[in-house]
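Hello,

Here is the structure you are taking over. My notes on it follow below.

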Amino acid sequence: MTYRRRFHVQKLFSALIRPLDPPLLLILSALLVYSVIIIESAAPKLLVNHLGSISLALFGMWAIAVIPTRRLLSLAPMFYIIGIALLVAVNLFGTSSKGAQRWLDIGPVLRIQPSEIMKIAMPLALAWFFQKREHSISWGEFLVSAVLLFGPVYLIAKQPDLGTAILVCSSGFFVIFFAGLPWRLIMPVVLLGVAVIVAIGVAGEELCQREKWPGLKPYQKDRICTLLDPSRDPLGKGFHTIQSTIAIGSGGFVGKGWKQGTQTHLAFLPERHTDFVFAVLAEEFGLIGVLVLLGLYMALLARGFIITASAMTLGAKLLAGSTTMAFFTYLFVNIGMVSGILPVVGVPLPFISYGGTAIVTLCLGIGILMGVCRNKQER
């Protein structure tokens, strides 16, 4: 290879890796390796598809990282409007599966889930909204932002898809919170939530005897009642929670070994490659494996907050902060439901669970963080 050709190759390689943040890339790589190991144990037939999803996700991450944050924010209204239009289309003529109407068929082979778009479009739109009003944020701005947030959340919850609704709502709420939402507005909601939880805990058995709860579908009521007492229906609604907690506890300190999990490989553990993949990890790698995973997540969150703190504009700060907290929400809800302290709502373990849409969305979030970091360095 001539010197000139070598120079051009090095220049191209430098241009390709320049948008990438080395600490984030290292943490993400470790998580994805962990994911491949777990999926190979839980569902080996799906490993090739999983690797394909990872490849697509990494390309999407790089593509988002390349786009300047200010340009990405300028596109936010378009993404938001497209997301709303697709959610309305789902409610009007979407495809139903397993009792939920969440998908749109585009042509004979392509199926999309528009609610996933809102996981990215929502924080983008709200960050753009507050940046435009950076010097005049008042009660009116918080009211408008709440309307922008709860419209899509309502459409997603109506499908019904409570897990995605929670993730979209949390990603939008964190933008509003970081924009300066007063605590005197937050605390009444928190206290009301605590009061409801206490009331359900105290009068849970009596409430569960009722056929309907206001504002909740029967299956949502059953999930809460199952959380209070999984043994009320051990072979039905409580089966997931019981088997996952058995798997987690049986792993002990060092685990049973890779591909040696009995709950996993004797098919007692449901959804073992998606929502309940954490139970597979805990059973086969034990407390040590769980601590390694949690250490990687803590490093990811720490890097995200460092990028947030050093961002140069309000929009970039809001976007990076809400993206980092969205990762935390994924983590908290998934581990909470698998370990039996939260209702089962269908939220994947970030960067570990099988599922192309989820892993692409999460890696786009990493790309957003890398873009914010890159723009800070080049300013």
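Thr 164 is found in helix α8, which covers residues 162-178. The model is a predicted one. Thr 164 has a relative accessibility of 6%, and because buried means under 20%, Thr 164 counts as buried. Leaving out residues up to four places away in sequence, Thr 164 touches Gln 113, Ser 115, Glu 116, Lys 119 and Ile 156.

Lys 119 comes up again in the cavities. There are three cavities of 30 Å³ or more. The largest cavity has a volume of about 150 Å³. Its lining consists of 14 residues, and those nearest the centre are Lys 119, Ile 120, Ala 326, Tyr 330 and Thr 361. Helices α6, α8, α15 and α16 each give two or more residues to this lining, with α15 giving the largest share, five residues. By type, the lining of the largest cavity has eight nonpolar, five polar and one charged.

The second largest cavity has a volume of about 40 Å³. Among the residues that line it are Pro 348, Phe 351, Tyr 354 and Leu 362. Its lining divides into nine nonpolar, two polar and no charged residues.

Another buried residue is Lys 221, with a relative accessible area of 8%. Lys 221 sits in helix α11, residues 218-228. Lys 221 and Pro 343 are 122 residues apart in sequence, but their C-alpha atoms are 9.8 Å apart in space.

Last, helix α14. A kink of about 125° in α14 is centred on Phe 285.

Regards

Note on methods. Residues are numbered from 1 along each chain as its sequence is written. This is a predicted model: local features need pLDDT of at least 70, side-chain atom pairs count only at pLDDT 80 or more; totals for chains, interfaces and linings use all residues. Side-chain values use heavy atoms; hydrogens and water are left out. The bend at a residue is the angle between axes fitted to the seven residues ending there and the seven starting there. Helices (H or I, at least four residues) and strands (E, at least two) are DSSP runs, numbered from the N terminus. Buried means under 20% relative accessible area, exposed over 50%, partly exposed in between (1.4 Å probe, protein chains only). Contact means heavy atoms within 4.5 Å. On a 1 Å grid over the protein atoms alone, a cavity is a set of points where a 1.4 Å probe fits but cannot get out, and a pocket is an open set with protein on both sides within 12 Å along at least five of seven lines; lining residues have an atom within 4 Å of a point. Grid points are joined across faces, edges and corners, and a volume is the space filled by probe spheres set on the points. Ala, Val, Leu, Ile, Met, Phe, Trp, Tyr, Cys and Pro count as nonpolar, Asp, Glu, Lys and Arg as charged, and the others, Gly among them, as polar.
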